[in-house]
Amino acid sequence: MAMASIKWSRRCALAVLSALALAAAPASQALAQGSYVRLVVAFPAGGPSDLMARVISEQLGKELKQNVVVENRPGGNGAVAAQYVLHEPADGRTLWITTAGAITINPALYPKLAYTVKDFAPVSLVVNTQEMLVVNPKNPAKDAKEFVANAAKGGQVNFASSGIGSMPHMAIALLSEKAKVSFLHVPEKGAAPAISDLMGGHVDAFVGDVPGIQALVKSGGLKGLAIAAPKRSPLFPNIPTFEEQGIPGMELLNNWSGIYVSSKTPPATIEQINQAIHRTLADPAVAGKLRELGVEPQATSPAELASLAARDSAVWARIIKTNNIQPE
């Protein structure tokens, strides 16, 4: 009996010590060690979102002490990537890096969306992405103010977008509202054909992410008229904001990118990933490369990203309803 009591006491002591060790374990142990972490991108390889994901993946892997692998799951305005993430275990090993549209536009645009915002938990904002109004170099307008004034004089002004419900489409509707001028929307199957038509003179204007058009603007292939942001782009300090030109409210066009996980993911795991993102974006090399792409790195708390998404969702839901925008 004495021997049994000693064995039982040892077991209890070991159990207590194990519990204390787990309680004292650093947050880095919240994400179980495994083969790798997936960083799922809702766009094809080679595009701005893909390049951004690859810029942060290596350093993020170091911070998480994991291998981070970028996976491209394009399609459905982000729905394909969203569904993929939700079908994986909610253990923090599958991260969804998405632009604003899939979170803030799709829910109001599609009556039968394959996912809901409540299916996901925000982790952190990654970058803010400025939008720019561009025209063909032959367009006589020297800035957005003159472009709008010319449009107000009459005649048909064709505005290309990368598709119905895309951020460039929201830009057209928002600019029409703020400038009180009507435009003809020409939806394309992506930004590339929209830009191609603009350069070919088939449409009059386009509002796109700075990363996707900066090379053409710098080379003179496109002419930048205005930046849709609270301040000018450091890449284009000579291009004024819309507000500077008397068209306020266009700074809402922030096609930000953030990281989300399944809402079933443990809070401790979300916190660990959030802190790893903060450290990743604070790395000077990573931040520098992101700025070269034309985006501004910014990490946030999950609550801050949720607040940003809620604000934008309300704006785009109103725009979609007011303009009776219907999906294809």
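**Burial and strand pairing in a predicted model**

Arg 38 is buried in this predicted model, its relative accessible area being 18%.

Colleague: In which strand is the place of Arg 38?

Modeller: Arg 38 counts as buried because its relative accessible area of 18% falls under the 20% cut-off. Its place in the chain is within residues 37-41, which form strand 1.

Colleague: With which side chains does the side chain of Arg 38 make a polar contact of 3.0 Å?

Modeller: The residues touched by Arg 38, leaving aside those up to four places away in sequence, include Val 69, Glu 88, Arg 93, Thr 94 and Leu 95. Glu 71 and Tyr 84 are also among them. A polar contact of 3.0 Å links the side chain of Arg 38 to that of Glu 71, and another of 3.0 Å links it to that of Tyr 84.

Colleague: How many of the residues of strand 4 are buried?

Modeller: Strand 4 spans residues 120-129 and is mostly covered. The count of buried residues is 10 of 10.

Colleague: Which residue in strand 10 is the bridge partner of Leu 125?

Modeller: Strand 4 runs antiparallel to strand 10 (residues 257-262), and 6 bridges join the two. Within this pairing, the partner of Leu 125 in strand 10 is Gly 258.

Colleague: Which residue in strand 11 does Asn 128 stand opposite?

Modeller: Strand 4 is also joined to strand 11 (residues 295-297), in the antiparallel sense and by 3 bridges. In strand 11, the residue opposite Asn 128 is Glu 296.

Colleague: Why is strand 8 largely enclosed by the rest of the structure?

Modeller: Strand 8 covers residues 205-209. It is largely enclosed because the buried residues number 4 of 5.

Colleague: In what sense does strand 6 pair with strand 8, parallel or antiparallel?

Modeller: Strand 5 (residues 131-135) pairs with strand 8 in the antiparallel sense over 5 bridges, and Leu 133 has Val 207 as its bridge partner in strand 8. Strand 6 and strand 8 have 2 bridges, and the sense of their pairing is parallel.

Colleague: What separates the C-alpha atoms of Gln 272 and Glu 63?

Modeller: Gln 272 belongs to helix 10, residues 267-282. Its relative accessibility is 7%, so Gln 272 counts as buried. Along the chain, Gln 272 and Glu 63 are 209 residues apart, while the separation of their C-alpha atoms is 9.6 Å.

Notes: Residues are numbered from 1 along each chain as its sequence is written. This is a predicted model: local features need pLDDT of at least 70, side-chain atom pairs count only at pLDDT 80 or more; totals for chains, interfaces and linings use all residues. Side-chain values use heavy atoms; hydrogens and water are left out. Buried means under 20% relative accessible area, exposed over 50%, partly exposed in between (1.4 Å probe, protein chains only). Two strands pair if DSSP finds at least two bridges between them. A polar contact is a pair of N or O atoms within 3.5 Å; within protein, one must be able to donate a hydrogen and the other to accept it, and residues adjacent in sequence count only if both atoms are side-chain atoms. Contact means heavy atoms within 4.5 Å.
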